[in-house]
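Biologist: Please take a close look at one kind of part for me, the loops, and then follow the charged side chains and the helices from there. I would rather have one connected account than a list.

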Amino acid sequence: MTPQEFYRQSNLIENPFRSNPVYGADPRMNIWVGYEKQRHQLIKYLSRSRADQVGNSNFIMIYGDYGVGKSHALLWARYQILQHQQEEFDALCYLIPTLKKDKGKLTFAGAFVDDLVDRCGLHNDVREFRNFLDMSILRYRDANHAGATVTNDEIVDRLGFPAELGTLAKEIYRASTVPLINELLMPRGLTDYQATALFSRLVNLFVFGVEISGQVTRFKKAVYLMIDELDELLNVSAKEARDVNDMLRHIYDWCPNCFGLVIALSAESASFSAIFEQYILGRIQRQIQMEELGKEDAMEFVCKILDGSRATADPRKAGYFPFEESAVEAVVAQLRQITPRKIVNTMQEVLEEVRLAGLDPSSQQVDISYLDEHEILDEVLGDGGIS
């Protein structure tokens with residue numbers, strides 16, 4: 001049986017147990033199992049940043065051991081903001097998987113270009129803001145009977161932007177082509193400080209309330225920045241770590257409204273003082289700890305991943321199919337550490353070993369006897385396998 005035929009008979013599009021893509025809108029990003037308290041805390045603080053809620057700035061830290069789901073929590077949160085709850089949030093969200101860019105150096109300028117501009121769509125967001133600005137200018141003209149003698153630049157000055165934001169708004173309005181937007185966002189020799197200042201100004205511009213005839217409109221209700229793998233600060237020089245701490249402080253302080261900053265790291269609370277300066281720890285409003293999953297949560301996690309990759313809605317081939325529930329329970333019971341990453345890696349190999357063993361899902365499901373007969377758990381979890 002070919003791999004394609006095996007997965008078709010299993011009612012799966014493909015082997016669903018694989019790492020999530022960092023970018024894009026993969027539906028698996030919407031899976032959240034267990035960690036109910038943590039999920040509630042995360043979405044609560046993200047929501048507070050919205051202009052139609054509290055509209056303040058929130059600084060959140062997600063931490064825990066390797067593989068417990070911190071990176072997935074960031075992907076889940078970004079998916080909520082940009083996809084699942086898009087209308088409620090009406091926000092922008094940028095993700096930096098790691099600040100380690102240029103020859104192992106931690107650099108926000110590098111992340112700004114590589115992740116925010118090239119991968120997260122900041123270029124398109126600036127272009128869309130230019131359209132918003134254009135509509136605001138037209139609305140102002142209509143509301144105030146501003147004739148042709150009043151230039152667009154003059155109207156931008158009347159929209160209420162603080163001087164620094166007004167200057168940037170006019171620069172964006174003049175950037176009518178892709179090269180001009182690129183020049184604005186990625187000037188030659190961009191430093192970390194310049195990238196930090198530019199990002200902060202863009203955030204404040206995107207959420208600024210433009211009032212025309214008593215009606216306030218914003219381009220977006222909130223902007224979010226998520227940065228993963230900040231435990232890398234333990235592996236760099238004191239100066240480099242201090243520079244990153246200063247960058248975090250500046251972004252948080254310079255974006256006082258409708259902004260959410262979420263960082264994630266593999267660490268225990270006892271090591272925070274070795275990673276962050278006190279002025280960062282004092283600014284973090286909520287520390288969210290991710291721990292290992294319980295067995296029931298692990299089982300539900302497997303079930304949701306399988307059902308998230310179904311080829312059809314056939315109820316007979318849903319749930320744990322092509323496994324029997326007892327087989328999945330046996331796999332989970334063998335794990336010494338029950339984390340989302342461990343579950344995904346293990347089940348990926350188990351499903352592949354089942355396929356290689358010749359199972360025909362149209363006539364048989366995987367039960368404990370099948371796992372034992374073909375020594376699948378020994379192959380996956382034995383010597384040299386997943387530990």
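Modeller: Helices here are DSSP runs of H or I with at least four residues, strands are runs of E with at least two, and both are numbered from the N terminus. The model is predicted, and in it the protein has 18 helices and 7 strands. Along the principal axes, its C-alpha atoms fill a box of roughly 85 × 50 × 35 Å, and 52% of the 387 residues count as buried.

I begin with the loop between helix H14 (295–307) and helix H15 (325–333), where Pro322 is found. The peptide bond leading from Phe321 into Pro322 is cis, and its omega is near 10°. Such a bond deserves a second look, because most peptide bonds are trans and most residues other than glycine have a negative phi.

The phi angle is what marks out two further loop residues. His145 has a phi near 50°, which is positive although the residue is not glycine; His145 sits in the loop that runs between helix H6 (122–144) and helix H7 (152–158), and its relative accessibility of 73% makes it exposed. Asp90 also has a positive phi, near 45°, and belongs to the loop between H4 and E2, but with a relative accessible area of 29% Asp90 is partly exposed.

Because Lys220 lies in the loop between strand E4 (215–217) and strand E5 (222–227), while Asp90 lies in the loop between helix H4 (86–89) and strand E2 (91–96), the pair ties together parts that are 130 residues apart in sequence. Lys220 itself is buried, at a relative accessible area of 18%.

This pair belongs to a structure in which a search finds 19 salt bridges. Another of them joins Asp52 to Arg50, with 2.9 Å between the closest N and O atoms; Arg50 counts as buried at 9% relative accessibility, whereas Asp52 is partly exposed at 39%. Within helix H16 (residues 340–356), Arg355 and Glu352 are 3 residues apart and so are separated by about one helical turn, and their side chains meet in a salt bridge of 2.5 Å, N to O. Here Arg355 is buried, with a relative accessible area of 16%, and Glu352 is partly exposed at 25%. Through shared partners, salt bridges also join Arg50, Asp52 and Lys221 into one network.

Charge gathers in another way on the surface, where Glu349, Asp372, Glu375, Asp378 and Glu379 form a patch of negative charge. One of these residues, Glu379, is found in helix H18 (residues 376–381).

Terms used
Residues are numbered from 1 along each chain as its sequence is written. This is a predicted model: local features need pLDDT of at least 70, side-chain atom pairs count only at pLDDT 80 or more; totals for chains, interfaces and linings use all residues. Side-chain values use heavy atoms; hydrogens and water are left out. Patches are made of residues with over 30% relative accessible area and no salt bridge: like charges are joined within 9 Å, nonpolar side chains (Val, Leu, Ile, Met, Phe, Trp, Tyr) within 5 Å. Accessible areas come from the Shrake-Rupley method with a 1.4 Å probe; for residues, only the protein chains shown count as cover. A salt bridge is a side-chain nitrogen of Lys or Arg within 4 Å of a carboxyl oxygen of Asp or Glu. Lys and Arg count as positive and Asp and Glu as negative; His and the chain ends are not counted. The place of a charge is taken as NZ of Lys, CZ of Arg, CG of Asp or CD of Glu. Buried means under 20% relative accessible area, exposed over 50%, partly exposed in between (1.4 Å probe, protein chains only).
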